[in-house]
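Reader: I am new to this structure. Please walk me through the terms used for it.

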Amino acid sequence: MTSIQHNLQQVRERITAAAEGCGRDPQQITLLAVSKTKPVSAIREAWLAGQRCFGENYVQEGVDKIALTTDLDGLEWHFIGPLQSNKSRLVAGHFDWCHTLDRQKLAQRLNDQRPPQSDPLNVLIQVNISDEASKSGISVAEIPQLARQIVALPRLKLRGLMAIPAPSDDYQSRLAVCLRMAEAFAALQSEHAGIDTLSLGMSDDMDAAIEAGSTMVRIGSAIFGARQYPPSSPQ
Ligand SMILES: *Cc1c(COP(=O)(O)O)cnc(C)c1O
């Protein structure tokens, strides 16, 4: 077994244990393998081990990898990085999901640029749940208005919320932040149909995220190993 296959198996076991530990069905939690900075060979290895959903942070890097893996059946590509408006066409044209929608103008562009032959683009509203000045995402109070704007766009499909909580060493404070997201998610579900995805939890905070109700954990280093180099240019 290769190390990626071994790591994937361990991460799946961790998800199962975390879910069962709080009485949830592990099947409710999708594992998104974050392959940023990792080569296509790593994606192929993960695919051979049954992994189908992959996340990329940098638009051009993701588009290149998508083009190099069209022979792999069943892949689902998620864009999870900050998105500048001038890169929206590439995301609309190539990805299945965008997790980082945080403004009406970007929603309109993605809608207008989604190719007619493709299914509507699945989108998540990014929430700045830890209120960090440097992080992207909107406040919880701003969710209802942006959600209403998104659901009016026919080429987008609003699926839920995403957040990147500030790192914390303490389980209880991680859980508290994740529970605030779960509350915002439940409120959104009560307003709109088809809201089924709470993208929350990374390698270091996935247990608290799952306890709070995450339905999608985004795991990079625990599957592919530490990232050795920063990407050459932020996009
Ligand atoms: C890199 C990244 C991840 C994965 O982080 P790891 O710590 O490697 O698991 C998840 N979500 C986002 C938005 C990321 O940028």
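Author: Start with Gln113, which sits in helix H5 (residues 104-113). Helices here are DSSP runs of H or I with at least four residues, strands are runs of E with at least two, and both are numbered from the N terminus. This is a predicted model, where local features need pLDDT of at least 70, side-chain atom pairs count only at pLDDT 80 or more, and totals for chains, interfaces and linings use all residues. Residues are numbered from 1 along each chain as its sequence is written, and side-chain values use heavy atoms, with hydrogens and water left out.

Reader: Why does Gln113 count as buried?

Author: Buried means under 20% relative accessible area, exposed means over 50%, and partly exposed lies in between (1.4 Å probe, protein chains only). Gln113 has 12% relative accessibility, so Gln113 counts as buried.

Reader: What does the side chain of Gln113 reach?

Author: The backbone nitrogen of Arg89, at 3.0 Å. A polar contact is a pair of N or O atoms within 3.5 Å; within protein, one must be able to donate a hydrogen and the other to accept it, and residues adjacent in sequence count only if both atoms are side-chain atoms. Gln113 also touches Ser88 and Ala92, leaving aside residues up to four places away in sequence. Touching is contact, meaning heavy atoms within 4.5 Å.

Reader: What makes Asp207 and Arg14 a salt bridge?

Author: The term needs a side-chain nitrogen of Lys or Arg within 4 Å of a carboxyl oxygen of Asp or Glu. The side chains of Asp207 and Arg14 meet at 3.1 Å, N to O. The pair links distant parts of the chain, 193 residues apart: Asp207 is in helix H8 (residues 206-212) and Arg14 in helix H1 (residues 3-21).

Reader: Are Asp207 and Arg14 buried or partly exposed?

Author: Asp207 has a relative accessible area of 30%, so Asp207 is partly exposed. Arg14 stands at 31%, so Arg14 is partly exposed.

Reader: How far apart are the closest N and O atoms of Glu61 and Lys65?

Author: They are 2.7 Å apart, and the two residues form a salt bridge. Glu61 and Lys65 are four residues apart in helix H3, so about one helical turn separates them. Salt bridges that share partners join Glu56, Glu61 and Lys65 into one network.

Reader: Why is Lys65 called buried?

Author: Lys65 has a relative accessible area of 5%, so Lys65 is buried. Glu61 has 18%, so Glu61 counts as buried.
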